[in-house]
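Hi,

Here is the structure I promised to pass on.

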Amino acid sequence: MIFFPSLFEDELFYSAQARYHFYTGNENPRMSMKEMFGSSNICATLLFPSQLSSFCRHLPVAHTYTSNELIQNHSFLPYFSPFIPKERTMKLIDLMKNGNGTSIYMLLGLTASEIRRAPLLKFCPKCVVEDEDRFGEEYWHRSHQAFGVSVCYKHMCGLVDSDIEVDQRHKHEMFTLNNYLRRRGYSLNTVVATPDIKQEFFIAQQSYVLLNNSFLSQGIDQIRKYYVTRLQAKGLATESGRIRWLEFLPLFNQYYGRDFLLKFSSYVQSGDEDTWLHKLLRSPRVTCHPLRHILFLGFVNESVSSLCSVENYKTEQPVFLKENRSDAKLVLKKEISNNRINWPRRDIEISDEIRKVASNIVDNETKLVRITRTKIGRTLRVQSLLIRAHSKLPMTQEAMNEVVESLEQFQIRRIKWAVQHLMKQKMNVQAWEVFKVAGIKQKFEDKYRSLIEEEINCFQ
Ligand SMILES: [Zn+2]
């Protein structure tokens, strides 16, 4: 790879791959796969990339991404890792670095899970507008794809389904959000519904917090103990830890409502003694889906941050967990307000991309196009970024000044091209023929006559 686009905050890895594919102009996605991974036969899913070690080896020198960073910030692993044994997390990391993407679903128990993700990639229309303003382009957000999430964690508005399947079996199509919006002619003026359900928003927020923190598993047994103390606080478990199921289950159903829970296959029948809540609270060896942990936490007025914070555990925790003490709202606020663009890196990348686009334009023998700011901005889809972040992108400005052509420079390029083109076809090329082929207007003829003669002589 000569370049790879910077990944945005909470961007799905697939999304950056698709943006790369788009930038290259490759017709065949297999070609882009080969450039990124050294092989076009990559078996990955949209939520879990694979062969990341190979990908990192193919990155251009300017990039410092590591597989760990890509997994943490751009895959779905952080959503699951607090709730599965550490060894399994390690195994999943290894699979994403070196292995096969499809075995990940099995290892997470997702193939047999009752919890089903919506089948299509989603986007938030308000994020589209905001991202376009902030970054100059829109992208597929990771948090919008989480299980059971139907509203934006940030804007509280309803997410919109695209037509791109999350579990596509033919893994070789890559669509950027922009490709989709243009293909479907989606209007950003569409009125967005704001679902008035605080539980919907809670799920969206908690999924965002899970994905954007490095919470490690406390051990299923510890989680269970914490949950029992929460039930005790609500008077739904005895001091000795016995759960009052007959009171608990109806209250749980009532809190969310039957229809809401049915959407997530998580409605519990009162009187049933083997529901998912029984598994969650009684079977230390069974792992439950993160969405169900979130549902339980919502019911006991807690959050994933409070579950994963050190205060709840008497045992010594790894150092990095101590950074996550603050409560969910604070974490979320910080994440959102913290504009985490690495400007120097973005600057290097855009300037590289500009030079590459310019040389592609020059190399195009069949269609002569003048290299202008607008042309480059449009090709790279960074027009508004170039205006808004003008002062943050000095190298970009430099590259732009270097490659854009004045009218004169473009005319000279056309003349040189026309001379070569004609010389290949015939002997005794005449100046007037060059003017015609190069499309030089009559008023410029005197100006370029001697240049043309020189060029012709050069080749004879
Ligand atoms: Zn949004």
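**Helix α22 against helix α23**

Helix α22 (residues 407–425) packs against helix α23 (residues 431–438) at an angle of about 115°, with the two axes 9 Å apart. Axes here are lines fitted to C-alpha atoms, for helices over the stretch in contact, and angles run from 0 to 180 degrees between N-to-C directions. Helices (H or I, at least four residues) and strands (E, at least two) are DSSP runs, numbered from the N terminus.

Before I go on, the ground rules. This is a predicted model, in which local features need pLDDT of at least 70 and side-chain atom pairs count only at pLDDT 80 or more, while totals for chains, interfaces and linings use all residues. Residues are numbered from 1 along each chain as its sequence is written.

Back to the pair: the crossing of α22 and α23 is right-handed (left-handed if the near helix is turned anticlockwise from the far one by less than a right angle, right-handed if clockwise). On the α22 side, R414, I415, A418, V419, H421 and L422 make the contact, and they meet E433, V434, V437 and A438 of α23. Contact between two residues means that their C-beta atoms, placed from the backbone, lie within 7 Å. Sorted by class, the residues of this contact are seven nonpolar, one polar and two charged. For those classes, Ala, Val, Leu, Ile, Met, Phe, Trp, Tyr, Cys and Pro count as nonpolar, Asp, Glu, Lys and Arg as charged, and the others, Gly among them, as polar.

F435 also sits in α23. F435 is buried, as 20 other C-beta atoms lie within 10 Å. The cut-offs: buried is 20 or more other C-beta atoms within 10 Å of the residue's own, exposed is 12 or fewer, and partly exposed is in between, with C-beta atoms placed from the backbone. Not counting residues up to four places away in sequence, F435 touches I440 and E445. Its C-alpha is 8.2 Å from that of A418, 17 residues away along the chain.

**Two other helix pairs**

Helix α18 (residues 343–363) and helix α19 (residues 373–380) pack at about 110°, with their axes 10 Å apart. That angle makes α18 and α19 roughly perpendicular to each other. (Under 35 degrees counts as roughly parallel, over 145 as roughly antiparallel, 65 to 115 as roughly perpendicular and the rest as oblique.) Their crossing is right-handed. E353, I354, V357 and A358 of α18 make the contact with I376, T379 and L380 of α19. By class, that contact has five nonpolar, one polar and one charged residues.

With helix α10 (residues 198–211) and helix α15 (residues 290–299), the axes come within 10 Å and cross at roughly 125°, so these two are oblique to each other. α10 passes α15 in a right-handed crossing. Q199, F202, I203, Q206 and L210 of α10 meet P290, I294 and G298 of α15. Those residues divide into five nonpolar, three polar and no charged.

α10 itself has 14 residues and reaches 20 Å from its first C-alpha to its last, close to the 20 Å expected at 1.5 Å a residue (the expected span is 1.5 Å times one less than the number of residues). Its buried residues are I203, A204, Q205, Q206, S207, Y208, V209, L210 and L211.

**Helix α1**

Is α1 enclosed or open? Nine of its 12 residues are buried, so α1 is largely enclosed by the rest of the structure. The buried ones are F13, Y14, S15, A16, Q17, A18, R19, Y20 and H21. What covers them includes α2 (29–37), α4 (67–74) and α9 (177–184). Helix α1 covers residues 13–24 and reaches 17 Å from first C-alpha to last, close to the 16 Å expected. After α1 comes G25, whose phi is positive, near 75°.

**Y105, and the chain overall**

Y105 lies in helix α7 (residues 102–107). Y105 counts as partly exposed because it has 16 C-beta neighbours inside 10 Å. Leaving aside neighbours within four places in sequence, Y105 is in contact with T45, L110 and T111.

As for the chain, its secondary structure comes to 24 helices and two strands. Of its 460 residues, 36% count as buried. Of the contacts with a separation of 6 or more, 69% are between residues 24 or more positions apart.

Cheers
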